[in-house]
Amino acid sequence: MTEPAPAPEPDDAAARRAVVPVICYPNETLPVPDLALCARARAGAVKVDEVTVPPREAACFRVAAGQFFRITSVEGPQVGDLNLWNANDLSERFYSGKSRALHGTHLTKGERMWSSFPHLRPMATITGDTLEWYGMDAFGGSVHDVIGTRCDPYTGNLLSGAQYHHCCHSNLTRALADETGMTLREAENHVHDVLNVFMCTGFTRDTGQYFMKASPVRPGDHIEFFAEIDLLGALSACPGGDCSSEHTSDLAPCHPLLVEVFAPQEGTLAGWESPLPNGYDRSHGRGS
Ligand SMILES: [Zn+2]
């Protein structure tokens with residue numbers, strides 16, 4: 001059998017490529033978070049919990065609706081892989097792909113982590129980001145992406161035959177199992193694509209490949225969230241460290257990450273209500 005010839009360019013190829021793109025999901029009608037209210041509530045908030053995530057490990061934390069949580073780089077540059085679940089129903093979890101479709105490839109202050117179908121509501125709103133200044137660099141790289149998945153042992157095995165156990169996927173699986181009493185197999189089913197906290201990533205312009213580069217994060221940098229619903233979170237201090245060279249090994253220098261939870265003073269969230277699940281009737285065109 002002969003190889004089919006590559007499809008020839010049509011005569012109007014240049015015109016077709018020149019078509020101006022349109023935004024898939026114009027987001028002007030998204031519900032707007034009340035950042036001023038959040039700022040007032042945050043001003044008098046007191047710390048109620050903290051968890052240190054060891055390097056190449058993960059840890060869970062819980063945040064009640066209306067509280068804040070902050071992830072801080074400590075000791076050295078380090079990226080984190082963040083999973084979020086509804087603390088009362090683990091089937092509602094962070095939906096990386098839809099958050100990307102709504103906000104773009106990287107999240108920052110004022111943007112939200114949205115939950116899976118059929119809920120599709122804000123789980124957490126980013127209320128502070130000390131790396132907001134980074135913007136988009138000349139390579140098309142930016143910080144806090146929702147384009148990667150999470151480093152995992154299966155892809156490592158596929159590419160190199162490795163058996164490595166401290167990928168974020170496995171770290172998150174162990175942490176969730178320890179927190180809930182689930183078996184590893186049960187917990188693994190709940191682990192999902194992450195918000196890549198502090199990670200600097202993009203797609204190469206020529207080949208469209210996912211790239212990473214040394215994170216601009218420095219000790220003291222942090223990203224802060226307002227919990228829109230009761231949350232169970234899990235954060236992995238990625239074995240990639242600052243992700244300047246590689247992951248899926250113990251070679252990169254790694255550092256801990258700090259998670260702190262803050263409770264606002266009574267009454268400072270007056271007028272705020274936890275968002276309801278999505279309003280679609282779920283009849284899918286077949287009546288109710
Ligand atoms: Zn990782």
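Which strands make up the open sheet of six strands, and in what order? The order is β1-β13-β3-β11-β7-β6, with antiparallel pairing, where two strands count as paired if DSSP finds at least two bridges between them, and where strands (E, at least two residues) and helices (H or I, at least four) are DSSP runs numbered from the N terminus.

## Basis of the description

This is a predicted model, in which local features need pLDDT of at least 70 and side-chain atom pairs count only at pLDDT 80 or more, while totals for chains, interfaces and linings use all residues. Residues are numbered from 1 along each chain as its sequence is written.

## The chain as a whole

The chain has six helices and 13 strands. Its radius of gyration, 20 Å, is close to the 19 Å that the globule rule gives for 288 residues, so the chain is as compact as a globular protein of that length; the radius is taken over C-alpha atoms, and the rule is 2.2 Å times the number of residues to the power 0.38. Along the principal axes, the C-alpha atoms fill a box of roughly 70 × 50 × 40 Å.

Of the 288 residues, 39% count as buried, a class that requires 20 or more other C-beta atoms, placed from the backbone, within 10 Å of the residue's own. Among contacts (C-beta atoms, placed from the backbone, within 7 Å) between residues at least 6 apart in sequence, 73% join residues at least 24 apart.

In the open sheet with the order β1-β13-β3-β11-β7-β6, the edge strands, each pairing on one side only, are β1 (46–53) and β6 (112–114). The twist averages 20° from one strand to the next, with axes given by lines fitted to C-alpha atoms, for helices over the stretch in contact, and angles running from 0 to 180 degrees between N-to-C directions.

Strands β7 (residues 122–129) and β11 (residues 222–227) pair in the antiparallel sense over five bridges, and Gly 128 stands opposite Glu 224 in β11. Helix α2 (residues 35–43) packs on the sheet, where it touches β3 (68–73), β7 and β11, and its direction makes about 70° with that of β7.

## Core and buried positions

The largest nonpolar core has 59 residues, and those with the most contacts inside it are Ala 227 and Leu 235; such a core is a set of buried Ala, Val, Leu, Ile, Met, Phe, Trp, Tyr and Cys residues joined through C-beta atoms within 7 Å. Leaving aside neighbours within four places in sequence, the contacts of Ala 227 include Val 63, Phe 68, Phe 69 and Ala 124.

Val 143, found in strand β8 (residues 142–145), is buried because 27 other C-beta atoms lie within 10 Å. Beyond its neighbours within four places in sequence, Val 143 is in contact with residues including His 106, Leu 131, Phe 198 and Pro 216.

Technical notes. A residue is buried if 20 or more other C-beta atoms lie within 10 Å of its own, exposed if 12 or fewer, and partly exposed in between; C-beta atoms are placed from the backbone. Two residues are in contact if their C-beta atoms, placed from the backbone, lie within 7 Å.
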